[in-house]
Amino acid sequence: MARTAAIVRSTSESHVELSLDLDGTGKTEIDTSVPFYNHMMTALGKHSLIDLKIKASGDTDIDAHHTVEDVAIVFGEALKQALGDKRGIRRFADATVPLDEALAKAVVDISGRPYVVCSGEPEGFQYAMIGGHFTGSLVRHVMESIALHADICLHLQLLAGRDPHHIAEAEFKALARALRFAVEPDPRVTGIPSTKGAL
C-alpha cells in the first residue's frame, strides 16, 4: 500500500499545496515563497528520503510567520495521513547531525501523542534574522507545528552552535534523519509497534 498523502489548505493568510511519499528517495520540489524555508524544507525531504512537493504563498509582505507555520501544519497532517495505522514501522529513532560548529540531536517517537521538547538554543537565536525573512524563533515553531499535527513526540536538543544558519540547518537535518528511520518499515515488526495495539 502506498504511504502517500496530498493536502491543500487555504486560509485568508496562506495557500498551501503539499504532497509527500514516505517511501521515496528524497526528491523535492519546494516553493514556500520564503527562500530560507525553501532551503530547510529541501533538506528535510532530502535527508529523510521523503519525496516532498510544496507550493505555498501567503501574506509574506506582512511577515513570513503565517506561511511558514501553515506549511509546517500541512506537512504534519500529511505525515500523519501517510503513516496510516503505523503498522510495521520502526516507531522510535534518533539522529545527531553536525554542521560545522553546530550539533543537533533529534529523538522521535511516532506515538500518536503529540509532545515537543526543544532545548539548547543560545539566547538571542530566536531574534536572529536568517536569509532576510526567517527568524530563529520560527525553527521551534515549525518543529512544534509538525509534531502537534503529525501526533508525534519530538525531543530536539542543540548540543553546540554559534551561527544561526548552521543551528537551524543542523536542527532540520537532525529531524529529517530521525524521521527517516522512525517511519521506515521494520521487517521484524508484525502489526502495530505498541503494547496497546494502537498508535
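# Helix packing in a predicted model

Me: Which residues of α2 meet which residues of α3?

Reply: In α2, His 65, Val 68, Glu 69, Ala 72, Ile 73, Phe 75, Gly 76, Glu 77, Leu 79 and Lys 80 meet Leu 138, His 141, Val 142, Ser 145, Ile 146, His 149 and Ala 150 in α3. Contact here is heavy atoms within 4.5 Å; helices are DSSP runs of H or I with at least four residues, numbered from the N terminus. By class, the residues of this contact are nine nonpolar, five polar and three charged (nonpolar: Ala, Val, Leu, Ile, Met, Phe, Trp, Tyr, Cys and Pro; charged: Asp, Glu, Lys and Arg; polar: the others, Gly among them).

The model is predicted, with local features needing pLDDT of at least 70 and side-chain atom pairs pLDDT 80 or more, while totals for chains, interfaces and linings use all residues. Residues are numbered from 1 along each chain as its sequence is written, and side-chain values use heavy atoms, leaving out hydrogens and water.

Me: How is the packing of α2 (residues 65–83) with α3 described?

Reply: Two packed helices are described by the angle between their axes and the distance between the axes. The axes of α2 and α3 come within 7 Å and cross at roughly 30° (axes are lines fitted to C-alpha atoms over the stretch in contact, with angles from 0 to 180 degrees between N-to-C directions). The two helices are therefore roughly parallel to each other (angles under 35 degrees). α2 passes α3 in a right-handed crossing, the near helix being turned clockwise from the far one by less than a right angle.

Me: At what angle do α3 and α4 pack?

Reply: Helix α3 (residues 137–150) and helix α4 (residues 164–182) pack at about 15°, their axes 10 Å apart. That makes α3 roughly parallel to α4. The crossing of α3 past α4 is right-handed. From α3, Val 139, Val 142, Met 143 and Ile 146 meet Ala 168, Glu 171, Phe 172 and Leu 175 of α4. Seven residues of that contact are nonpolar, none is polar and one is charged.

Me: How do α1 and α4 cross?

Reply: The axes of helix α1 (residues 35–48) and α4 come within 7 Å, crossing at roughly 30°. That makes α1 roughly parallel to α4, and their crossing is right-handed. The contact includes Phe 36, Met 40 and Leu 44 of α1, with Phe 172, Leu 175 and Leu 179 among the residues of α4. Its residues divide into 11 nonpolar, four polar and four charged.

Me: Which residues does His 166 contact beyond its sequence neighbours?

Reply: His 166 lies in helix α4. Leaving aside neighbours within four places in sequence, His 166 is in contact with Leu 99, Asp 100, Glu 101 and Ala 102. Asp 100 is 66 residues from His 166 in sequence, and their C-alpha atoms are 7.3 Å apart.

How values were computed: Angles under 35 degrees count as roughly parallel, over 145 as roughly antiparallel, 65 to 115 as roughly perpendicular and the rest as oblique.
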